[in-house]
Amino acid sequence: MKKFLFLGLVFLLFTFTGCKYEADSVEVRPETLIMGVGNTYQMHAKVKPEKASQHVKWSSSDASIAEISNSGLITAKKAGYCEILVYADAIKESCKLTVRNAAGTFDDVQ
């Protein structure tokens, strides 16, 4: 009887906990972006396989040029170049970002 109870509990454990799917890849859109200082843009990422968690983490390679929120909203701070990085599990992808000043030039980039 104890054997059947144990097997039943194991079955229920596997049935209700399900399998955890790891990310195989993450697709970031767009792959390149040009923005003006002071503008914002909402980034998008899709994790594959679709059964994997779609939760991603965002970061900027240079927060003085552009900041990015936890939800993927970029705010362009000053003219320059940086990368917007997205992480899903151990997978990383990036978007190459160019920020131009109000005149559309890079006069203040050193």
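Reply: Strands are DSSP runs of E with at least two residues, helices are runs of H or I with at least four residues, and both are numbered from the N terminus. The model is predicted, so local features need pLDDT of at least 70 and side-chain atom pairs count only at pLDDT 80 or more, while totals for chains, interfaces and linings use all residues. Residues are numbered from 1 along each chain as its sequence is written, and side-chain values use heavy atoms, leaving out hydrogens and water.

Me: In which strand is glutamate 83 found?

Reply: Glutamate 83 touches Ser59, Ser60, Ser61, Ser94, Cys95 and Lys96, residues up to four places away in sequence not being counted; contact means heavy atoms within 4.5 Å. The strand that holds glutamate 83 is β8.

Me: Is glutamate 83 buried, partly exposed or exposed?

Reply: Buried means under 20% relative accessible area, exposed over 50%, and partly exposed in between (1.4 Å probe, protein chains only). Because its relative accessible area is 28%, glutamate 83 is partly exposed.

Me: With which side chain does the side chain of glutamate 83 make a polar contact at 3.4 Å?

Reply: A polar contact is a pair of N or O atoms within 3.5 Å; within protein, one must be able to donate a hydrogen and the other to accept it, and residues adjacent in sequence count only if both atoms are side-chain atoms. The glutamate 83 side chain has such a contact with the side chain of serine 94 at 3.2 Å. At 3.4 Å, the partner is the side chain of lysine 96.
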